[in-house]
Amino acid sequence: LRDATRLSAEDDRPAAAPGVALAHLYLKTGRAGLALAEAQRASLLEPSASALTLVGAARIELGQLEQADQDLRAALKLSPDDTRARGELGRLQALRGKYALAAESFKAVIERDPSNVNARTNLERLAPLLDATRAPTP
């Protein structure tokens, strides 16, 4: 739990509730199933955008894309300016091939947090895919 709290602090987030911090640690260490269970428990105990975002992120890793979409949108209803939830939604949209929507999500993250390196990197990665979908077919 100390490691989980430390990892949350390294991400420039305030110390998270223990369940959220533990879910974050599980997700960062590739244990999406455990992350999902812990994040769901945390969101039941105290619903928050952070917990719902972690539920959504874990579901993405587990291939539960429809449920992830619902969780991330629920997180954004609780906190419309949450850049992590919006970034995860962009990642989900990109995985589903909805590149224009993903780009909009990443741009919204950058508007709220101009120094967000992940959103900028993801937007750059999307550029060739956006160009390919816009190109006319011969």
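Visitor: What covers the buried residues of helix 6?

Guide: The cover includes helix 4 (49–61), helix 5 (65–78) and helix 7 (99–112). Helices here are DSSP runs of H or I, at least four residues, numbered from the N terminus. Buried means under 20% relative accessible area, with exposed over 50% and partly exposed in between (1.4 Å probe, protein chains only). Contact means heavy atoms within 4.5 Å.

Visitor: And what am I looking at overall?

Guide: This is a predicted model, where local features need pLDDT of at least 70, side-chain atom pairs count only at pLDDT 80 or more, and totals for chains, interfaces and linings use all residues. Residues are numbered from 1 along each chain as its sequence is written, and side-chain values use heavy atoms, with hydrogens and water left out.

Visitor: Which residues of helix 6 are buried?

Guide: Ala 85, Arg 86, Gly 87, Glu 88, Leu 89, Gly 90, Leu 92 and Gln 93.

Visitor: How do I read the length of helix 6?

Guide: Compare its reach with the expected span, which is 1.5 Å times one less than the number of residues. Helix 6 runs over residues 83–95, 13 residues in total, and its first and last C-alpha atoms are 18 Å apart, close to the expected 18 Å.

Visitor: What sits at the start of helix 6, and what follows helix 6?

Guide: At the start, a side-chain oxygen of Asp 82 comes to within 3.0 Å of the backbone nitrogen of Arg 84. After the helix comes Gly 97, with a positive phi near 80 degrees.

Visitor: Is Asp 69 buried or exposed?

Guide: Asp 69 has 12% relative accessibility, so it counts as buried. It lies in helix 5 and, leaving out residues up to four places away in sequence, touches Leu 89, Leu 92 and Arg 96. Its side chain also makes a polar contact with the side chain of Arg 73, at 3.0 Å. For that term, you need a pair of N or O atoms within 3.5 Å; within protein, one must be able to donate a hydrogen and the other to accept it, and residues adjacent in sequence count only if both atoms are side-chain atoms.

Visitor: Which residues have the most contacts inside the largest nonpolar core?

Guide: A nonpolar core is a set of buried Ala, Val, Leu, Ile, Met, Phe, Trp, Tyr and Cys residues joined through side-chain atoms within 4.5 Å. The largest has 16 residues, and Val 20, Leu 27, Ala 35, Ala 39, Leu 54 and Ala 58 have the most contacts inside it. Helix 2 (18–28) gives the largest share of this core, 6 residues. A second, separate core of 10 residues includes Ile 60, Leu 72, Leu 89 and Leu 92.

Definitions and conventions
Helix = DSSP H or I, 4+ residues; strand = E, 2+ residues; numbered from the N terminus.
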